[in-house]
Structures are given as C-alpha cells and as structure tokens.
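Hi there,

Here is the structure I promised to pass on to you. Have a look at it first, and then read my notes below.

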Amino acid sequence: MPYDYDQQNIFAKILRGEIPNRTVRETEHTLAFEDIRPQAPVHVLVIPKGAYVNFDHFGAEATEAEIVDFTRVVAAICAERGVAPGGAGEGYRLISNSGESGAQEVPHMHVHILGGRGLGRMLEPA
Ligand code: AMP
C-alpha cells in the first residue's frame, strides 16, 4: 500500500510555521522540538522535514543525506541533554510509534527521545 501523507497533520503545520513549537535543534533536513505533553524530564520529538508518514516510510524512501542528518540530530540531542551513556548520562529511550497497533497519533514520522528518569520496562505484558 502506498504511503498517503496528510499535509494537514500537526507536524506539517509546525514545519510550515503555522503553529509554534519550542525548537531544540534545526538542520537542513531535520527539526527537533519539545513535546507539548512531556512524559519525562527529557521528552524531545525529532522529525524529518520531508513528508514521511512513519519510520518505515522514512527508512524506505528518504535520501541518505536525510537519514544521516536525522540520526546525527538524535545523537546530538542525547548528548546535549546529558542522557547519552557515552557521555556519562544515565540513558534514554527512543520510540517511534507507527500506525494503528503502534498507537501513532500524529501521521508524520517522528522519534520521541525520553530520559531523565528511570523509564521502566519497554512494554507492559499483554
Ligand atoms: P505519537 O504520534 O503517538 O507518537 O505522539 C505524538 C506526540 O506529539 C505526543 O507525545 C504529543 O504530546 C505530541 N504533540 C502533539 N501536538 C504537539 C505540538 N503542537 N507540539 C509538540 N508536541 C506535540
């Protein structure tokens, strides 16, 4: 099934400057901003500027430049926020909710960076 990108989703509006955001970092291909409903002391969303619906869309169709840029931004934020174990931080979790089973709320590819507290196990038992 082809990926059907909704130009009216809230992150598309953020990228067009139609609604505000608390920007953490911006590069040629990537924007990172604070989640509006933080679930941990560190809760940053990282999105590509391109019109990708979810992670598998991004991984399949983004350019290498976009993928590298995105990955570098995630790493830079983990370092900057002091959660990267490589920088003596206590760790973090990356989440990319995708589709219905993934309970994705906003249909623009994004990764949550969560940290600054113990995050427990990844999933509750079904
Ligand atoms: P999900 O699609 O389930 O991965 O979650 C989307 C995330 O976007 C949620 O954590 C929301 O709190 C967050 N969110 C929704 N609208 C905004 C906004 N305008 N600014 C920042 N974060 C937002």
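**The aromatic cluster**

Tyr52, Phe55, Phe58 and Phe70 together make up one aromatic cluster. Before going further, please keep in mind that this is a predicted model, where local features need pLDDT of at least 70, side-chain atom pairs count only at pLDDT 80 or more, and totals for chains, interfaces and linings use all residues. Residues are numbered from 1 along each chain as its sequence is written, and side-chain values use heavy atoms, with hydrogens and water left out.

The structure holds four aromatic pairs (rings of Phe, Tyr and Trp, the last by its six-membered ring, pair if their centres lie within 6.5 Å; planes under 30 degrees apart are stacked, over 60 edge-to-face, and the rest tilted). One of the pairs is Tyr52 with Phe58, which is edge-to-face, at 5.4 Å centre to centre and 75° between the planes. Both Tyr52 and Phe58 are buried (buried is under 20% relative accessible area, exposed over 50%, and partly exposed in between, with a 1.4 Å probe and protein chains only). Phe58 also pairs with Phe70, this time tilted, with 5.2 Å between centres and 55° between the planes. Because Phe58 sits in helix α2 (residues 55-61) and Phe70 in helix α3, this pair ties together parts that are twelve residues apart in sequence. (Helices, H or I with at least four residues, and strands, E with at least two, are DSSP runs numbered from the N terminus.) The relative accessible area is 3% for Phe58 and 5% for Phe70.

**The nonpolar cores**

Phe70 turns up again in the largest nonpolar core, which has 18 residues; Ala32, Val44, Val46, Ile77 and Ile113 join Phe70 as those with the most contacts inside it. (Such a core is a set of buried Ala, Val, Leu, Ile, Met, Phe, Trp, Tyr and Cys residues joined through side-chain atoms within 4.5 Å.) At least two of its residues come from each of β3 (42-48), α3 (64-80) and β5 (111-115). The largest share, five residues, is supplied by α3.

What does Ala32 touch, leaving out residues up to four places away in sequence? Its contacts (heavy atoms within 4.5 Å) include Val44, Val46, Val73 and Ile77. There is also a second, separate core of seven residues, with Phe11, Phe33, Leu45 and Val106 among them.

**The ligand and His110**

A ligand oxygen is 2.6 Å from an N or O atom in the side chain of His110, and a ligand oxygen is 2.7 Å from a polar side-chain atom of His112. At Val106, a polar backbone atom is 2.9 Å from an oxygen of the ligand.

His110 itself is in the loop between β4 (92-95) and β5. With 5% relative accessibility, His110 counts as buried. Its side chain also reaches the backbone oxygen of His108, at 2.6 Å.

Best wishes

Definitions and conventions:
Polar contact = N/O pair within 3.5 Å; in protein donor to acceptor, adjacent residues only side chain to side chain.
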